[in-house]
Amino acid sequence: MEFTLRYGHLVRRVAALSAELEQGGWGEAEARDSAGARNRAPPALAWEEAHHKAVSLYVSAPGIVNVMLNYKICVEHGLPLHPTVYYELKEAGRYRVEHGLPAVDKANRLYRLSIDMARSALRLEPGFQSRAEAFLAELPPEIMSFVYTGIRDAYTWRGSEPRLLEKLAQDLNTGFRPEIIIAAAHGSIMPALLLSEILGLPLYFIRFSMFKRNDEEPILTFSDKAWLYAFKDSRALLYDEDVAGGRTLSLFADRMGSLFGSFRTACSIRHAGSSIRPDYSARTWWD
C-alpha cells in the first residue's frame, strides 16, 4: 500500500474510491422496513473488491490532511512552496518568504477544510467528488503538483487498527467523554480521522514529529490558538497513535493541555517499556 502521487491526483483518487464504495452499497445509508429492521439489497461490490478499495481509501485519505498541514506551516513560517520538498522549520530564517496575511488566512481555512474532506471521504459521503473538485480549484499550483509519498510505517499501521480505535472509543465514552480531539501529526492522522468519526467529535492536528520531521516541540501557531480558543472550556483528548518512549506525547500534553478546560492523553498502542502511561490506551505490548 505504499504509493507516490501528485496531490491533485491523490485527492481525486480518494474521491473515486469513496464514490465507488458508496455507490457499491457499502455506505451507511440503508433502507428500513416498517418495523425498523434493515432492508437493503446485497452490496453490488464483492467483498474482496470492496475490502481492497476500503483499505486503499483508509491509507490514502490521510494524505489530504498531511500536505495541507505542511502548506499551512510553510505559509505561516515564511517557507517556500515547493512541489517535492518538506522543509524543516529551522530553515525559515534562511528563506523568509513573505506570503502575506491573505495567504495565511487561506492556508488555515483550506487546512481545516482538508480535515473535514478526509473525514467525509471515509464516511462515504454522497457527492464527495463534487466537493473534491471545488477544493482542488482553490489550491495554488505548487500544492496541486506536490508529490506526496505514502509510506507503510509499521507502528502507525498497528496503531490505526480499527478494532483498537473502537475499543479506545468505548473506553473514552464510558470515562472522560472528550469534546474535541487534538492529535500529534503526522503519524496520528490516519487513526485520528477514524477515531473522530467513531466518537463524532471535532478534530484538529498540530504538527509534532520528533523522529521524522525533527520537531523539537509542537508547532503551535497563533492561528491554531485562535481557532482552538472556542474550546478553552472543553474536555480535550490529546492523542498520539503510538507511545514508545513517551517523550512525544508528554511534551505534547505539556504544550497543549493549558489551552483547554481539562484534558486526558490517549494512544492506540503503548509499549510496555514506555516512561509514561497515557490516561487511555487500547493495547499495551512488548515489541
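This is a predicted model: local features need pLDDT of at least 70, side-chain atom pairs count only at pLDDT 80 or more; totals for chains, interfaces and linings use all residues.
Residues are numbered from 1 along each chain as its sequence is written, and side-chain values use heavy atoms, with hydrogens and water left out.

The chain has 12 helices and 7 strands; these are DSSP runs numbered from the N terminus, with helices being H or I of at least four residues and strands being E of at least two. The radius of gyration of the chain is 19 Å, close to the 19 Å given by the globule rule for 287 residues, so the chain is as compact as a globular protein of that length. The radius is taken over C-alpha atoms, and the rule is 2.2 Å times the number of residues to the power 0.38. Along the principal axes, the C-alpha trace spans about 65 × 45 × 35 Å.

Of the 287 residues, 48% count as buried. Buried means under 20% relative accessible area, exposed means over 50%, and partly exposed lies in between (1.4 Å probe, protein chains only). The accessible surface of the chain comes to about 13800 Å², of which 51% belongs to carbon and sulfur atoms; areas come from the Shrake-Rupley method with a 1.4 Å probe, and for residues only the protein chains shown count as cover. Among contacts (heavy atoms within 4.5 Å) between residues at least 6 apart in sequence, 69% join residues at least 24 apart. The mean positions of the 34 positive and 35 negative charges are 2 Å apart. Lys and Arg count as positive and Asp and Glu as negative, while His and the chain ends are not counted; the place of a charge is taken as NZ of Lys, CZ of Arg, CG of Asp or CD of Glu.

Ser114 lies in helix α5 (residues 101–122) and is buried, at 0% relative accessibility. Apart from neighbours within four places in sequence, Ser114 is in contact with Ile64, Val65, Met68 and Phe135.

A search of the whole structure finds 16 salt bridges, each defined as a side-chain nitrogen of Lys or Arg within 4 Å of a carboxyl oxygen of Asp or Glu. One of them joins the side chains of Glu20 and Lys53, at 2.7 Å from N to O. Glu20 lies in helix α1 (residues 7–26) and Lys53 in helix α2 (residues 47–60), so this pair ties together parts that are 33 residues apart in sequence. Glu20 is partly exposed, with a relative accessible area of 34%, whereas Lys53 is buried at 17%. Helix α2 also holds His51, which is partly exposed with a relative accessible area of 41%. The C-alpha atom of His51 is separated by 9.4 Å from that of Leu21, a residue 30 places away along the chain.

A salt bridge also links Lys72 and Glu76, with the closest N and O atoms 3.0 Å apart. These two residues are 4 apart in helix α3 (residues 62–76), and are therefore separated by about one helical turn. Lys72 is buried, with a relative accessible area of 1%, while Glu76 is partly exposed at 21%.

Asp116 and Arg131 meet through their side chains in a salt bridge of 2.8 Å, N to O. This pair links distant parts of the chain, with Asp116 in helix α5 and Arg131 in helix α6 (residues 128–136), 15 residues apart. Salt bridges that share partners join Asp116, Arg119, Arg123, Glu125, Arg131 and Glu197 into one network. Asp116 is partly exposed, with a relative accessible area of 32%, and Arg131 is partly exposed at 26%.

Some backbone features remain to be listed. Most residues other than glycine have a negative phi, and most peptide bonds are trans. The peptide bond from Ala185 to His186 is cis, with omega near 25 degrees; His186 lies in the loop between β3 (180–185) and α10 (189–199). Arg96, which is not a glycine, has a positive phi of about 50 degrees. Arg96 is located in the loop between α4 (92–95) and α5 and is exposed, with a relative accessible area of 69%. Arg177 also has a positive phi, near 55 degrees. The loop between α9 (162–174) and β3 contains Arg177, which counts as partly exposed at 48% relative accessibility.
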